[in-house]
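Please look over the structure below before reading the notes. They are grouped by topic, and each point can be checked against the model.

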Amino acid sequence: VASGNVEVANDLTVSGNATISSNLTVSGNATISSNLIVTGQVTREYNPGEIIEELNAICDGSTVTVQSGSYTMANITAYLVGTLTHQVITGSTINYTPPPGTKRVYYRFWFKWDAYRNSARSHFQFQIDDVVVTPSKNSIGSASSSDHQAAFPVSVEYTIDCNTASNDASNGKFTSWTNPKELECTFRDYSGTEKCLVHVNEWTDGTGTDSIQKPHLTIRAIA
């Protein structure tokens, strides 16, 4: 039983129960033949591809706490109308620093898209600290010329590599990631005669409701 931090520079072998009221750091192997109870954090080396932490939240103003800290989501209460210049999609922005040991960060922003006018061709992209990640650029449109006849859930997704030999922000590649980076999505209309909306759900259960569809944000840190 230990009431403070425990640091073991080599292997740790416990033949009975182990109770630690603070942090446990083991630099070598840990072998415990019975129960291990730690009320603080356990620091260890992660297996390649292991998920270190995952943040999942609806953009409703809630706060989510994960290993790297606490993050408060935007509360989406209004839809956005597309324009001829890129604008940030509300709810997509997060200032994130992954926990130690992270090699890749997966970003996913799910939202509702609506063809407000004509085919509503529109463009989406992901950016990091205001730098557009070129391979993330994507487009959507519909074959209908009638208002609101096309309405789809859309996801902007990208995997950021934070363990590369050199930095290449426009491709989402970094040598390390120890300070917050601003991650977000932007969108725009293709032309002035084709308009789209985001965050609106026009049709529900056989009627037109024009209700707000709150988006969903996922961040996953991978070893």
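A pocket is an open set of grid points where a 1.4 Å probe fits, with protein on both sides within 12 Å along at least five of seven lines. The model described here is predicted. The points below cover its largest pocket, its nonpolar cores, a buried serine, a hairpin and two loop residues with positive phi.

**The largest pocket**
- The volume of the largest pocket is about 250 Å³.
- Its lining is made up of 13 residues, and those closest to the centre are Val-26, Gly-28, Ala-30, Thr-43 and Arg-44.
- Three strands, β4 (24-26), β5 (30-32) and β7 (42-43), each contribute at least two residues to this lining.

- In soluble globular proteins, nonpolar side chains tend to be buried together.
- The largest nonpolar core contains 43 residues, and Phe-126 and Leu-183 have the most contacts inside it.
- Strand β14 (residues 104-117) gives the most to this core, namely six residues.
- Leaving aside residues up to four places away in sequence, Phe-126 touches a set of residues that includes Tyr-107, Val-131, Val-156, Leu-183 and Cys-185.
- A second, separate core has six residues, among them Val-14, Ile-20, Leu-24 and Val-26.

**Ser-122**
- Ser-122 belongs to strand β15 (residues 122-128).
- Ser-122 counts as buried because its relative accessibility is 0%, and buried means under 20%.
- Its side chain makes a polar contact with the side chain of Trp-113, at 2.8 Å.
- Beyond four places away in sequence, the residues that Ser-122 touches include Trp-113, Asn-138, Arg-188, Tyr-190 and Cys-196.

- Phi is positive in both residues, near 50° for Asp-129 and near 70° for Asp-130.
- Asp-129 has a relative accessible area of 38%, so this residue is partly exposed.
- Asp-130 has a relative accessible area of 56%, so this residue is exposed; the cut-off for exposed is over 50%.

**The β21-β22 hairpin**
- Strands β21 (residues 200-204) and β22 (residues 207-212) pair in the antiparallel sense, over four bridges.
- Val-200 stands opposite Ile-212 in β22.
- Two residues separate the strands of this hairpin, and Asp-205 in the turn has a positive phi of about 50°.

Key:
Residues numbered from 1 in each chain as written. Predicted model: local features only at pLDDT ≥ 70, side-chain atom pairs only at ≥ 80, totals over all residues. Heavy atoms only, no water. Pairing = 2+ DSSP bridges. Core = buried A, V, L, I, M, F, W, Y, C linked by side-chain atoms within 4.5 Å. Buried < 20%, exposed > 50% of the residue type's maximum accessible area, 1.4 Å probe, protein only. Contact = heavy atoms within 4.5 Å. Polar contact = N/O pair within 3.5 Å; in protein donor to acceptor, adjacent residues only side chain to side chain. 1 Å grid on protein atoms, 1.4 Å probe; cavity = no way out; pocket = protein on both sides within 12 Å on 5 of 7 lines; lining within 4 Å. Points joined across faces, edges and corners; volume = space filled by probe spheres on them.
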